[in-house]
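Visitor: Please show me the model. I have a few questions about it.

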Amino acid sequence: MERAMIKVDENGFYGQFGGAFIPEMLYPNIEELRENYEAIMATPAFRQEFDSLLKDYVGRPTPLFLAQRLSEKYGAKIYLKREDLCHTGAHKINNTVGQIILAKKLNKKRIIAETGAGQHGVATATVCALMGMECTVYMGAVDMERQKPNVERMRILGAKVVPANSGSKTLKDATNEAMRQWINNPVDTHYIIGSVVGPHPYPEMVARFQSVISEEMKWQLQEKEGRENPDLVIACVGGGSNAAGSFYHYYNEPSVRLIAVEAAGMGITSGRSAATTTLGKPGILHGSKTLLMQTDDGQVVEPHSISAGLDYPGIGPVHAHLFDSGRGEFVAVEDEHAMQSGIEVSRLEGIIPAIESAHAFSALNQIHYEPTDVIVINLSGRGDKDLETYIKWGNY
Amino acid sequence: MNRIDELFKQKKERILSIYFTAGFPQLDDTVSIMEAIQAAGANIIEIGVPYSDPIADGPTIQESNNQALKNGMTLKVLFEQLKGFRERIHIPVILMGYLNPVVQYGMEAFCKTCKEVGIDGLILPDLPMQQYLTEYKHTFDAYDLRNTFLISPQTSEARIRQIDQHTDGFIYMVSSASITGAKKEVSPEQIAYFERVKAMNLKNPRLIGFGISDKPSFQTAAAHSHGAIIGSAFINVLRESTNLKEDIQEYIQGILA
Ligand SMILES: Cc1ncc(COP(=O)(O)O)c(C=O)c1O
């Protein structure tokens with residue numbers, strides 16, 4: 001079957017999605033990044049610093065673990081890409097390491113970031129501490145409540161955490177607030193976006209920093225299976241950075257099925273969901289054209305997911321394109337099923353996954369695959385931050 | 001002739017443009033607020049189309065957007081309210097809003113309805129110049145709608161020249177590196193920026209907005225440009241008001257006095 005090539009064009013579009021829909025006040029900032037990021041990333045000095053921090057600080061490469069009992073239960077050969085073993089407990093730090101080096105090369109003095117689950121906020125606060133840079137993280141007031149340990153982690157690391165009190169008080173609103181603060185501090189501040197969202201060049205830049213995930217998967221599979229390509233890669237999608245990173249080197253390998261797992265919340269038709277590809281239409285949010293949950297009047301609908309990291313009304317433009325072109329397969333998992341899968345993985349493999357990642361596991365119940373298939377599930381993060389949610393849910 | 005062109009042809013200084021959010025404080029206040037703005041002597045009306053995620057706006061306008069949406073304001077409702085307003089209002093009227101609601105309405109249908117009800121110009125801050133030129137300019141032109149772009153203190157000279165070339169009506173000078181919100185004073189750095197742009201001898205007139213709030217800040221801005229735009233400070237007046245007509249009259253006349 002002919003399948004679409006997934007590639008960004010010079011204006012930041014993946015097919016019809018992407019671009020840079022930003023107020024003029026942000027144009028110089030975005031332009032500075034766009035003009036410089038590729039050149040800086042291509043320098044040996046950058047590569048060397050990035051690679052060595054990923055190795056010695058983040059702890060890469062992360063293992064590719066054959067999950068025996070899970071494989072038995074589901075009747076396929078299932079590997080887990082252990083992003084949960086990264087320093088700070090999730091894949092988010094791959095991106096923050098890249099962006100902080102970039103920010104230094106651009107002579108920025110301050111860092112701002114948004115965060116949902118707090119993982120990106122923690123990963124940002126961490127690299128800011130490492131580099132001695134001032135750090136402010138915007139976080140929805142609702143998320144500050146449900147991810148308390150991460151709020152305190154950021155504070156311990158020396159970051160200032162500022163609540164976003166508008167709208168649904170979650171990730172979308174934290175992102176609005178970070179963009180506003182970037183407008184207010186355009187010269188000395190770099191905004192570290194935490195997912196493959198936002199205006200061009202962010203989606204592609206973040207995807208490149210995360211692409212180390214699939215880069216490693218390739219040689220790890222070669223070692224273990226004698227082939228670089230699995231049959232399926234499964235990853236959860238909030239904005240879509242762990243998915244983009246684990247799909248990246250497989251975009252143009254048509255034999256690899258790319259399964260993107262969204263949060264259905266309380267159910268797709270419940271009105272309390274974050275299943276963007278099912279519920280969304282093309283629209284513009286946070287500087288890019290993408291699929292977006294919105295009213296007929298174009299107002300953004302407040303999403304819901306039990307997992308703060310998936311509680312976002314859009315998806316990165318590359319994922320909108322994966323959906324639109326048919327290259328990606330999209331699945332939506334309800335809160336309840338994700339929680340059950342989280343417990344199941346804990347019991348079968350001795351790994352408590354982040355609730356975001358638990359959604360990816362739950363997709364195994366919804367998709368078809370062959371007993372001979374090699375499946376890689378991107379285990380994007382660990383569940384420590386979610387203990388309170390697990391405890392509240394209680395069915396274990 | 002387009003009313004914006006006509007205004008700038010006749011009046012070269014101390015132009016006052018007033019921004020408010022449609023549907024705030026009450027859903028049906030839109031046209032009576034417009035009438036009061038005109039009666040008080042302002043020169044341009046900017047109607048803000050409320051949006052759930054206004055990333056260039058500070059708390060005051062975020063709040064008026066929220067309230068207006070809660071009140072039930074939509075583009076359809078707004079156009080319904082605006083039917084026939086030209087029987088009473090003769091000054092230029094501009095719609096200002098974020099791109100997504102406009103795109104959902106349909107750009108062609110939006111521009112057509114704007115023209116039908118009597119809108120003269122548009123400000124869509126998150127519409128990139130390139131998209132405008134390649135996708136929408138012909139539609140704006142077909143319905144005789146002026147398009148205003150923003151510039152800020154960080155905008156490069158080359159970019160300002162480019163914007164000047166593709167703007168018609170006027171250039172919106174964002175007064176400082178800042179989201180919207182009423183401020184107290186205009187700083188020397190801001191004045192240097194106003195003068196720097198003035199010295200570029202652009203083809204378009206310049207209005208200064210964001211942070212202009214009272215008579216002194218209006219006068220300072222107007223001294224270095226063709227006039228100024230007041231938004232958040234006016235929304236504050238609306239929010240506190242017990243008699244819209246009188247309070248609008250008093251506020252605007254206080255600015256112009
Ligand atoms: C562990 C984990 N996985 C996934 C996500 C979702 O983000 P993305 O879709 O960008 O990978 C988050 C976000 O906070 C997270 O913490």
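Visitor: Which residue in E4(B) is the bridge partner of B:Met96?

Guide: This is a predicted model, where local features need pLDDT of at least 70, side-chain atom pairs count only at pLDDT 80 or more, and totals for chains, interfaces and linings use all residues. Residues are numbered from 1 along each chain as its sequence is written, chains are lettered from A and ligands numbered from 1 in the order in which they are written, and side-chain values use heavy atoms, with hydrogens and water left out. Strands E3 (residues 93-97) and E4 (residues 121-123) of chain B pair in the parallel sense over three bridges; two strands pair if DSSP finds at least two bridges between them. In E4(B), the partner of B:Met96 is B:Ile123.

Visitor: What is the strand order of the open sheet in chain B?

Guide: Helices (H or I, at least four residues) and strands (E, at least two) are DSSP runs, numbered from the N terminus. The edge strands are E5 (146-147) and E6 of chain B, each pairing on one side only. The sheet has nine strands with parallel pairing, in the order E5-E4-E3-E2-E1-E9-E8-E7-E6.

Visitor: What angle does the direction of H2 (residues 30-39) of chain B make with that of E1(B)?

Guide: Axes are lines fitted to C-alpha atoms, for helices over the stretch in contact (heavy atoms within 4.5 Å). Angles run from 0 to 180 degrees between N-to-C directions. H2(B) packs on the sheet and touches E1, E2 and E3 of chain B. Its angle with E1(B) is about 165°.

Visitor: Which elements do the buried residues of H3(B) pack against?

Guide: Buried means under 20% relative accessible area (1.4 Å probe, protein chains only). In H3(B), the buried residues include B:Ile61, B:Ser64 and B:Ala68. They pack against helix H8 (171-184) of chain A, and in chain B against strand E1 (15-21), strand E2 (44-49) and helix H11 (232-240).

Visitor: How far is an oxygen atom of the ligand from a polar backbone atom of A:Gly238?

Guide: A polar side-chain atom of A:His91 lies 3.0 Å from a ligand oxygen. For a polar backbone atom of A:Gly239, the distance to a ligand oxygen is 3.3 Å. For A:Gly238 it is 2.7 Å.

Notes. Buried means under 20% relative accessible area, exposed over 50%, partly exposed in between (1.4 Å probe, protein chains only). A polar contact is a pair of N or O atoms within 3.5 Å; within protein, one must be able to donate a hydrogen and the other to accept it, and residues adjacent in sequence count only if both atoms are side-chain atoms.
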